[in-house]
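Good morning, and thank you for coming.

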Amino acid sequence: MKPTNYKDPEYFHKVVDCQYACPAHTPVPHYIRLIAAGKYTEAYMVNWESNVFPGILGRTCDRPCEPACRRGRIEEEPVAICRLKRVASDFKDDIQQYLPEIPKTKNGKKIAIIGAGPAGLTVARDLAPLGYELHIYDDQGKGGGMMRSQIPSFRLPDSVLDQEVNVILDMDVIKHFNQYVTSLKSIVDEAYDAVFVATGAPKGKDLPNLPGRWDAKENIHIGIQWLANVAFEHTNKIGKRVLVLGGGNTAMDCCRTSRRLGGEEVKVLVRSPFKEMKASPWEKEDAMHEDIPILENHVPKSFISENGKLKGMFFEKVKAEYDEKGKRKLVPTGEPDVFIEADDVIIAIGQENRFEWIEKDLGVEFDEWDMPVVNETTFASTREGVFFGGDAALGPKNVITAVAQGHQAAISIDLYCHSKDINERPGPGVTLISTKMGIHEWSYDNGVSNDIRFVVPQADKKITLADRKKEVELGFDLKTAFKEAERCLNCDVQTVFTEDKCIECDACMDVCPTQCINFTENEDEQDLRAKLLIPAMNQDQDLLVSDVLKTGKVMVKDEDVCLHCGLCAERCPTAAWDMQKFMYNTAKAGC
Amino acid sequence: MSYIKPKFEHPRAPKNELGFTRKEYEGSLSTLCAGCGHDSISAAITDACFELAIEPHKVAKLSGIGCSSKTPAYFLNNSHGFNSVHGRMPSVATGANLANRDMVYLGVSGDGDSASIGFGQFAHVIRRNLNMTYIVMNNGCYGLTKGQDSATADHGSKSKSGHVNNFEGIDLCAIAIELGATYVAQSFSGDKNQLIPLIKAALSHSGFSFINVISPCVTFNNNLGSTKSYDYVREHNEALSTLDFVPVKEEIVTKYDDIEVKFVEMHDGTYIKLNKLHPEWNPEDKLSIINALQVARQKDEILTGLLYLDNNSIELNDLIGTVKTPLNTLTEKELCPGSVVLDGINASLR
């Protein structure tokens, strides 16, 4: 193999598994260390700069970082990254002094943002400090988009949402709220320099052709619309027996909200096997904790009603079968259909985009699935000056993805407004600095904690089920937060090897607790992986390979389960190993 | 600040026949200088015991005084240990071995401990053919007292302070062969591929096994002009053979022109597979190895690998006919067999 190129920032970026997996590439270990040091405001601001909504995401993020966490590869559970983010938010001081200054004199460029959800607000936050005149349109009376309409208050209190949304709206953003944009042409005609479309995926999927669907439509609801009605207090009760159809996070929010609006026997019915449900495992747990059974392998067959009043539903029982490619097929078991009584049914089987307000002759092209043709890097549409982001761009994902896309779109808008090529993207800001302080002393806490993951405490079920707005999760206290933060392996403190200092004494290889360091003859990657002390089977993780050493061997380190404990550098007599803190900041608009 | 070994190990860490991972054979974190050759030898001992699947509680590790003699703290934390008086490890090992021949005895010593203060003890434990493995971590200097020349420093070797040694160095391997050691090997701490099989074979040998391991002192003897530095040893290392330790005999399938593959059977039924690199040398012929050592000295070469092996070795316990049962398991019944037996003994002496 060729020697690893340290100059390529992506090599070390990939070693920081959590940051690499995060769509916004938030420097996770960096802020976790700040939390451990009691610097909650700084930890919050590191998050704020990267993911804009730390308080919101610290409660509701899909957490792609956690399955990626290295800790999950050396023991059972990853670090509770998401809930540590919440700690930063819960214990921060006033952040006003750290916020960017908004220029009084604008730069003469006028931008329309359609949709005040996570993507739209991110673009506003990135462009406001640069002096843009920002006009933000939304059909709701407050900003937040789906974070307000679809995430129930018992998961995300209004106060947290309002605080983080208002920080952005207070950046001289001109609000056009309570205004549903019915025509993109009308916006384009208003002489904006650029338009950002972030209208989300506001249409819940229905089962329009299921027998009986329209016989008792008062009692059959569409998940996200129903959640929005609850959030805006148009709906405040539901029947005692509720069926929720669907296995995603919206279904989990619907069933739990039902429990708070009078639902006593709430059931979730999923077509797929339980373990293949789309909902996050912790959301399923929370639902079951609130006495909501999840019935797997039930395919809805028909709604049954009497005199316009819903009686229940029939379901066909199926089982999952897999072909040799692992593709799933749901096959009826042959058992008689199951009838389940219900007063109300909530259909939460997915959501779709809505683009009938975009005129077909504007030059914004749509593909065969009626999705806009959007460049996945620049988020530009086929019409110059019109950009897309969030669920409206590439289909429904999650808040953190919307934020990441917002950052990229903001960069494109800024480049575009300055007549620069939007395809020439600014690179990340990268630093690599030694953490050595002295003998046995590093500027990071290199000891590896043996604690297992701490559980976030929850409020008493009696209280939370009685009050829709009472937050269920209480968040870590500071003592637990510190211990959980100490579980972080500091993967951003990199093992940097300098071959011309190495005397090949093997000290690093001998001391490495996970035996990831090897001195061996060089080979092709696969041969090298196979012949290491412990073969490097995890192909997703790279090998750190040195140039040829004096004896003709090379140093090969399997990054897979490196604990970043620093013992290799500690035992190196010539400082050929050094623990260097790697900082990777994705570019933002104006950088 | 933290200087603690994490308890985590590789999730796919291999297990030996006993179901143990290497972790079960490791010791505490070393407090020797970073880069010390001794740490590599500790790691090689750990690997050898792990691979041989020795039950850790069946091992007694013994040492004297010095940097090398600190190392038993850094390997085999689950084994028995005895850190004895300077140079007196052989006496303790002898006593222990005679009291319980069921254990694996592993002595660790240094050039000061064995070639100076303990030279007398070293000589006598060899000539008695005590069943033990005796490893000398040889760095040619007194590292613990700031690097003065030791008795194994080679004539002409230069110390870190620039002083040149004018005395002849003691060749521990030649002495061991001369005094009747039945397994003698020499190796280098920076060559684990060679060292680990040598340790495994030594542990399997019945009788006195001696391994002299050149182990650079990074702090006081790794300078230009030293004959025990990493660079010097690598440049002057002349391997007599490459060898593998094989638990069961394999079929001999190859025979190259210049490399002779030779299987040597050990007492316990295991084998050493030797790829001889020097055709004139025969590991079972004392004369050929004494000759090879002399020639190597003239050519400034350091001969490494297995040097000498006597497979007809009879270890001390068998030589003097000690009881097979460990003393601590003998009961009053065996120790006081009664007047009938005593009468018999008395009668035999009349």
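Let us begin with strand E1 of chain A, residues 110–114, in this predicted model. The strand is mostly covered, with 4 of its 5 residues buried.

Which strands pair with E1(A)? One of them is strand E2 of chain A, residues 133–137, which runs parallel to E1(A) and is joined to it by 5 bridges. Within this pairing, Ile113(A) stands opposite Ile136(A). Between the two strands, the chain passes from E1(A) through helix H9, residues 118–127 of chain A, to E2(A). This β-α-β crossover is right-handed.

E1(A) is also joined by 4 bridges to strand E4 of chain A, residues 194–197, and these two strands run parallel as well. Here Ala112(A) has Val195(A) in E4(A) as its bridge partner.

I turn now to the interface between the chains. How many residues of each chain are in contact? On chain B there are 32, and they touch 38 residues of chain A. Together the two chains bury about 2900 Å², and 55% of that area lies on carbon and sulfur atoms.

As for polar interactions, 13 residue pairs are in polar contact between chain B and chain A, both residues being at pLDDT 80 or more. On the side of chain B that touches chain A, the elements giving two or more residues are helix H1 (37–52) and helix H8 (230–236) of chain B. There are 4 salt bridges between the chains. In a salt bridge between Lys550(A) and Asp231(B), the side chains meet at 3.0 Å, N to O.

Conventions. Residues numbered from 1 in each chain as written. Chains lettered and ligands numbered in written order. Predicted model: local features only at pLDDT ≥ 70, side-chain atom pairs only at ≥ 80, totals over all residues. Heavy atoms only, no water. Buried < 20%, exposed > 50% of the residue type's maximum accessible area, 1.4 Å probe, protein only. Pairing = 2+ DSSP bridges. Right-handed = clockwise from strand over helix to strand, strands pointing away. Contact = heavy atoms within 4.5 Å. Buried area = accessible area lost by both parts, 1.4 Å probe. Polar contact = N/O pair within 3.5 Å; in protein donor to acceptor, adjacent residues only side chain to side chain.
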